Amino acid sequence: MSSAPDAALLDLLDLLDLEQIEQDIFRGTSRSAIVPRVFGGQVAAQALVAAGRTVPADRPAHSLHSYFLRAGDPGAPIVYSVDRIRDGRSFTTRRVVAVQHGQPIFHLSASFQTDEEGLEHQADMPPAPDPETLPTAAEMLPRYADRFSDPTVVDRLIEARAAVDLRYVDAPPFGTVGEPREPRSQVWFRTNGKLADDPLLHVCMATYVSDMTLLDSVLLAHGRGGWAVGDVVGASLDHAMWFHRPFRADEWLLYDQESPSASGGRGLGQARIYTQDGRLAITVIQEGVVRVPRGN
């Protein structure tokens with residue numbers, strides 16, 4: 001990995017560097033998405049940036065809970081309004097509403113905590129191969145070009161993930177269409193370049209990436225390939241994260257994901273993110289709409 005951020009990562013960092021337009025009010029832009037709406041990881045990460053900028057630097061984020069309310073318009077700015085819910089002795093709570101065209105599209109509640117000593121235990125890191133032995137997205141995705149009816153999908157996927165080196169341990173859902181598998185998947189990820197030593201930046205970057213693959217396990221259980229294949233349609237409904245231990249998003253992180261349930265047109269994904277040396281850094285849970293189109 002290069003020591004300097006590449007152009008795609010610089011673009012993403014610029015995307016997360018919100019403009020402050022008033023006290024506790026921030027404005028963000030969007031980038032072109034591979035679907036005709038704002039990428040959920042982007043709006044979640046930007047909302048966490050907005051919340052974090054109203055909190056003292058010595059109180060890192062320890063959790064977030066959020067709801068996706070409406071599809072975001074990638075051609076319009078997003079205004080983030082922060083409500084200072086509580087500033088306690090140990091914990092700080094913020095609520096953020098993201099608005100476009102006069103309507104809320106996303107709600108986030110985030111909690112921040114001063115560093116404290118306490119009881120320690122964690123779930124063990126599962127087995128996973130060395131990320132350096134796995135193919136990059138640019139190497140892996142062209143292998144599945146024949147799975148997509150749209151010939152531009154591969155290039156669009158590579159472009160959308162250019163800021164992040166994301167490597168699948170096993171074939172992605174679109175690689176095994178029609179072959180149900182255990183509802184579990186793993187990816188390694190890190191940014192394509194070094195980041196500044198700002199804990200909020202690393203947390204927000206992990207939030208951005210966490211929405212990329214979490215519902216893959218739902219698809220695997222049913223042999224579905226996903227939106228790009230056209231055998232399901234869907235969107236994120238809610239997203240929750242707990243940040244347990246310090247980590248760097250520019251160093252390898254293992255995203256170990258599984259789906260315990262799908263029903264009622266919804267699928268649930270849950271995951272743990274580990275540092276390469278085995279520390280449990282983050283827990284993630286997300287539910288999304290996962291519907292099968294008629295005729296599929």
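1. Which residue in E12 does Gly 234 stand opposite? The model is a predicted one, and in it Gly 234 stands opposite Val 290 in E12. That pair belongs to the antiparallel pairing of E9 with strand E12 (residues 280-291), which extends over 10 bridges.

2. Strand E9 (residues 233-243) also pairs with strand E3 (residues 61-68), again in the antiparallel sense, and here the pairing has five bridges. In this pairing the residue that Trp 242 of E9 faces is Ser 63.

3. Strand E5 (residues 91-100) deserves a separate look, as its side chains alternate along the strand.

4. On one side, E5 is joined by eight bridges to strand E4 (residues 78-87), with the two strands running antiparallel, and E4 and E5 form a hairpin that has three residues between them. E5 also pairs in the antiparallel sense with strand E6 (residues 103-113), over 10 bridges. Thr 93 takes part in both pairings, for Arg 86 stands opposite Thr 93, and Thr 93 in turn stands opposite Ser 111 in E6.

5. The hairpin of E5 and E6 has two residues between its strands, and in this hairpin His 101 takes a positive phi near 50°.

6. Is Ser 210 buried or exposed? Ser 210, which has its place in helix H5 (residues 199-210), counts as buried because its relative accessibility is 0%. Its side chain makes a polar contact of 2.9 Å with the side chain of His 239. When neighbours within four places in sequence are left aside, the residues in contact with Ser 210 are His 239, Met 241, Tyr 255 and Val 284.

7. The second largest pocket has a volume of about 900 Å³. Its lining is made up of 28 residues, and those closest to its centre are Asp 115, Phe 243, His 244, Arg 245 and Pro 246. By class, the lining of the second largest pocket divides into 12 nonpolar, eight polar and eight charged residues.

8. How many cavities of 30 Å³ or more does a search of the whole structure find? The search finds one, and the largest cavity holds about 30 Å³ of space. The residues that line the largest cavity are Tyr 168, Asp 170, Ala 171, Arg 181, Arg 184, Ser 185 and Gln 186. Strand E8 (residues 184-191) gives the most to this lining, with three residues, and the lining as a whole has two nonpolar, two polar and three charged residues.

Definitions and conventions. Residues are numbered from 1 along each chain as its sequence is written. This is a predicted model: local features need pLDDT of at least 70, side-chain atom pairs count only at pLDDT 80 or more; totals for chains, interfaces and linings use all residues. Side-chain values use heavy atoms; hydrogens and water are left out. Helices (H or I, at least four residues) and strands (E, at least two) are DSSP runs, numbered from the N terminus. Buried means under 20% relative accessible area, exposed over 50%, partly exposed in between (1.4 Å probe, protein chains only). A polar contact is a pair of N or O atoms within 3.5 Å; within protein, one must be able to donate a hydrogen and the other to accept it, and residues adjacent in sequence count only if both atoms are side-chain atoms. Contact means heavy atoms within 4.5 Å. Two strands pair if DSSP finds at least two bridges between them. On a 1 Å grid over the protein atoms alone, a cavity is a set of points where a 1.4 Å probe fits but cannot get out, and a pocket is an open set with protein on both sides within 12 Å along at least five of seven lines; lining residues have an atom within 4 Å of a point. Grid points are joined across faces, edges and corners, and a volume is the space filled by probe spheres set on the points. Ala, Val, Leu, Ile, Met, Phe, Trp, Tyr, Cys and Pro count as nonpolar, Asp, Glu, Lys and Arg as charged, and the others, Gly among them, as polar.
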